[in-house]
Structure formats: C-alpha cells, structure tokens
Amino acid sequence: MSPEQTFETIPVETLLERVRTFREQGWRLVQIGATRLPDQLELTYSFDRENRLANLRLALLGDQPKVPSVSSIFWCAFLYENELHDLFNLQVSDLAIDFQGHFYKTAVKFPFGTTKPPVAKPTAAATFAAPQPTSAKA
Amino acid sequence: MAYFKMTRVALKWVVSKPVTTRYPFEPRVAIPGSRGLLEFAKETCVYCNVCAKKCPTGAIVVQRAQKRWTIDRLLCINCGYCVEACPKKSLALTTAHGAPSVTKDREHYGA
Amino acid sequence: MARTIIPFGPQHPVLPEPVHLDLVVEDERVLEARPSIGFVHRGLEKLVEKKDFIEFVYVAERICGICSFIHGQTYCQGIEAIMNIPVPPRALYLRTIWGELSRLHSHLLWLGLMADAMGFESLFMHSWRVREKVLNIIEATTGGRVIFGSCKLGGVRRDIAADAAGKMLADLETIERDIRDLTGIFLADRSIKDRLCGVGVLSREAAYDLGCVGPTLRASGVGQDLRQLGYAAFKDLEVRPVTRTEGDSFARCAVRCDELFQSIDLIRQALAKMPAGDIAVKVTGNPNGEYLARTEQPRGEVVYQIKANGTKNLQRLRVRTPTFANLPALVKVLQGCELADVPVLVLTIDPCISCTER
C-alpha cells in the first residue's frame, strides 16, 4: 500500500504564489529536488501537511535555468537551493543565505549539470604533491 | 537525590566484572550467524561465474577457461549474495574475521 | 566590541562526523553560525547511473552507518511501490522489528554522545554498554552489527526463527531494565539538567516553519511521526507520537528517552503478531514511474524520490535525510547561545552528517 501523493506541474511564474498559499494553509516544506532530463531540468517542491504529500513540478529549459528563491517564504529552503545550485548549475535569485557555489566541495563543478556525465580530466599539477626532498630548491 | 542516581550505578560497576572481553587473552566468542570470512570449496565449484556476476563490489573474478576462482579479500563486504546465488553451494560465510593484510592481492584457487 | 570568528569542526572531539561551523562570536556569545558541509560527500546519488536498481540496495544501506537499515528499507519501499510488488506480511513485520532495533541502537548511541558532549564520560560508556546488547541481538538475527544487509527488493533475506525470537524477548527484558536505569539518570541528574534545560529553545511555530523533523519537531509539541503513515507493519501496530512541549534540549533528550521504551514495546507487539509465511517474493522486470517514499528514521523523516524510466538503472534517486532538514534549525538555535553550549546544541539535533551529504 502506498500513501497518496499528488504531482502538479506549474509554470515558473506562479511558483512564489503557490508556495505562499501552501505556507498560509499550514503545509511545511519537505524537500526541493531536481532531476536532469535530456531536454530539461525538472524541479520538484514537496510539501507535507498531516502526513499527506503534495508535489509541485517545474520544467525548466535552457543551459542555465533560473528560478526565484522561496527562502523568503520558507527560510529553510536556502539549503536545498544552494545544493541545487552546486550540483545542477541552477541559478536561484534572492537567496536568503547564498554560499555562491561553495556549499559542497566537489571535484567536478556541477556534477549533474550536463546531460552527459562529465569525465574528470586528470590535472597536470597534482593537488597533493609529494613533499620535495630537502636538497631541492627550497 | 538528584546527584546520587549515578553514584549508585558507578558503585555497582566498581564491584562487578567488566563487560569487555580481554581479547586476546580471553578467546573471542563469535555470535553464530554473524557474517564473516567467505569460505570457498574448490571441489564442488563448476566455474559458472554466477557468483562473480552477483558480487556488488567485483571482489570475485572467475576465469572459466583456466578454471580459476579468485577473490580480493579487501573488496569483499561479506554481504552473502554469492552464497545465495551459488548453484552448487560451494560458498559459505564463516564467523571468522579476515586477516589483516598490507597488499591488495587476490587469492587464487584452481590451476 | 570586537568580533571573532571561531571555526568549529570538522575535527572536533564532540562531533561524530565532520561538519564545519564558522561561529561569529562576540565575547562569549555566538551571534551567527555559518554551516559548511561537504567533507563526506561521496556522490552516492550519482552512483545510480552505474549500479542497477537491484544492487543499489547495498549502496543505499551504506549511506549511513547508524540509520542504515531504514535507508535500505525506504529504498525498497519506493521501488516496490513503483513496481507494485506485493511484499509478504512476514517480511513487513521483520522489517519493522529490525527498524525498531535500529532506532533503539541509534538513540542509545545519541544518548552516549550527548553525555560525552557534556563531559559525562562514564554515562557515555554506560549507554554504549547497553547498546552493545542491542547490537548483539542484531548480529545474531541479521549477521551484521551496523550494516544489517537483510533488506532486499521483494522482502528480506533472513528469517527470525521462533527460538531466536524467544531469546530476543528475554534479552529485551534485560535491556529494558538497563534503559530504565539509564534514562532515570538522564532525566533526573542535576548536572545534566543544568546543561540541557532552557538551552536551544525552539517554539512550536519556529520548529514547524524551519522544516524540522523527527524528535526535534516532536519536542516542540508537533505530534508528527511518519510511522503513522502505516508503512511496513505499522498499520497493524499502534504508534502514538511521543511529544513534549518545552522545545529545549532537555525536551529533545526526553523525547528520545521515551522513544526507547516505545520501540521496545513495538518490537514486542510485532513479535507477537508476526504471521508465518514467505519472507520474499521474486522481482522481475524493471521499474517505470515515480514515487516519493517516506519513512521515520531515528532522526526524523527521510524522503527518497525515485524516478525510473524502465531501464535497469534508475533515472534519479534523490535522498533527503532528516539531518538536512534539521540544519536550518541548528543555524537558528545557535544564534545567541553561549560558546560552551555549542557542542550540546550541535548534538541535540542528532547530526548524521554522512546521511546529509551522501
């Protein structure tokens, strides 16, 4: 048996309004997730009230998808939006706390950013070079 | 009194035997059913390669033509999937711990 | 007044896992805390592209060492909901029992760490001594102490025989007596109350707005417990959320202490009601669809968003762990606290950073 969940696709422009309605009706923000599909970036905003789950779906096109931040309505959203920026290269405007790309330390920037998984090129200068022998130039 | 609840417990444990096993002076009592070292019975193996396919880490590598079964002990996570999958019941998980090792060798069985 | 920035973590004796907080301190008062995570980021969500959906149960279990079983269970529940797999009732009961054992050992671990954060090392050792008994039960029934390896798609891998169940009940009697002693100390001892009462107060509205989950939310008076959703065998067992109203660190400690007894009671109920039958069904085919699976981990609500497109590899697996949801509460609660209270506050939300950063 699976509890009911609703998925609703909405356009980006109505996002803030819908989230504000959820807040006023007493829902809490559960998570904000993203899926990289071949032609778009799909965002899911999940809300919960009394153990019922409602999901809002957004489909964003383009290389650098933009979305307004909901952290003015739900302050806790800043964590999810920073994570999405770091992993998916999602541009979020008006973040309450903006880590500017330094939230996660990943070897490859925007690991989920492109449709093809990025191949990390070995860098010429290794970050953890072996200590130089003392006879070499100090 | 509020401070002395802990005192009672502390005094009780001053006079009781310690819970820890003084390993290696006392033997280690293994719990039966615990997942430990993988044991391979060479005699019944038919080199069908099912265990290698099921192994999630790639610890088991089977070379069918040369009739060789190898395992990298450091990659094995003792999950037991190979034990369930083997049609000839050649594999079993014992309760022993693996020996420590400083090299990443593979153990070979067979030719 | 000059402000200092004190870096807290990632190496700190009180932290079970590495997290970094930049504390902006004026005198002894913390004005602001800026979290910085990413030290144990292993990119497990990206691993779905390599491991097929059946093998991924192993990876899901290993996202975290403390809450490992329920991670695996949630993943299995998600895939089983997408594929409409009828899991046998005995398997559901077994999963519930192991889930509650997992909650027991996790809360005992947390009690120990909390005592350690306050400097009460002997109480820390006693909590973990009781936890060892729980781990022995788990090892006898599943084969592993922290990574159980017993959940799989379609059911469970091992059964609990009748005599093993009898032994488990006898062991639980001793454990319950020990826990009663232990929680008696935690809730009554003067030095613990001095450190915990009134520290880190979260009002009911603040806890709800900040998106807190689990004991952090329940200690502020919101009775939300996802076990009431009725997944696994919880539809046949009665779960009443354990709540407190004060919302301070002592209330969070008390909620976890009470949940220990609730878990033992649930295990006893489940063992009594467990039906006979198969423990697993065979799984064929590939999943196709989308589902958000939610369960109640010891730390709160975990959400697995699973999206599958009919191939062997899942298209997307997104894990939202409870500590990730409690982090904003941590940042809020650290504002205005004393510097010496920082370890207590960091531990009071029960941080499991390896979950947070999969």
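1. In helix H2 of chain A, the buried residues are A:Ala77, A:Phe78, A:Leu79, A:Tyr80, A:Glu81, A:Asn82, A:Glu83, A:Leu84, A:His85, A:Asp86, A:Leu87 and A:Phe88. Buried means that 20 or more other C-beta atoms lie within 10 Å of the residue's own; 12 or fewer makes it exposed, anything in between partly exposed, with C-beta atoms placed from the backbone. Twelve of the twelve residues of H2(A) are buried, so the helix is largely enclosed by the rest of the structure.

2. Basis of this note. The model is predicted: local features need pLDDT of at least 70, side-chain atom pairs count only at pLDDT 80 or more, and totals for chains, interfaces and linings use all residues. Residues are numbered from 1 along each chain as its sequence is written, while chains are lettered from A and ligands numbered from 1 in the order in which they are written.

3. H2(A) covers residues 77-88 and reaches 16 Å from first to last C-alpha, close to the 16 Å expected. The expected span is 1.5 Å times one less than the number of residues. Helices (H or I, at least four residues) and strands (E, at least two) are DSSP runs, numbered from the N terminus. The buried residues of H2(A) pack against strands E2 (28-36), E3 (41-49) and E6 (91-93) of chain A, and against H10 of chain C. Just after the helix, A:Asn89 takes a positive phi of about 60°.

4. Contact of chains C and A. Chain C gives 24 residues and chain A gives 23; two residues are in contact if their C-beta atoms, placed from the backbone, lie within 7 Å. On the chain C side, the elements giving two or more residues are strands E6 (288-297), E7 (300-309) and E8 (316-320) and helix H10 (322-334). That side divides into eleven nonpolar, seven polar and six charged residues. Ala, Val, Leu, Ile, Met, Phe, Trp, Tyr, Cys and Pro count as nonpolar, Asp, Glu, Lys and Arg as charged, and the others, Gly among them, as polar.

5. Contact of chains B and C. Here 14 residues come from chain B and 18 from chain C. The chain B side has nine nonpolar, three polar and two charged residues.

6. Chain B has three helices and five strands, in the order α-β-α-β-β-α-β-β. Its radius of gyration is 22 Å, well over the 13 Å that the globule rule gives for 111 residues, so chain B is more spread out than a compact globule. The radius is taken over C-alpha atoms; the rule is 2.2 Å times the number of residues to the power 0.38. The C-alpha trace of chain B spans about 75 × 25 × 20 Å along its principal axes. Buried residues make up 16% of chain B.

7. Chain C has twelve helices and eight strands.

8. The largest nonpolar core has 144 residues, with C:Tyr304, C:Ile306 and C:Leu330 having the most contacts inside it. Such a core is a set of buried Ala, Val, Leu, Ile, Met, Phe, Trp, Tyr and Cys residues joined through C-beta atoms within 7 Å. H3(C) gives the most to this core, with 16 residues.
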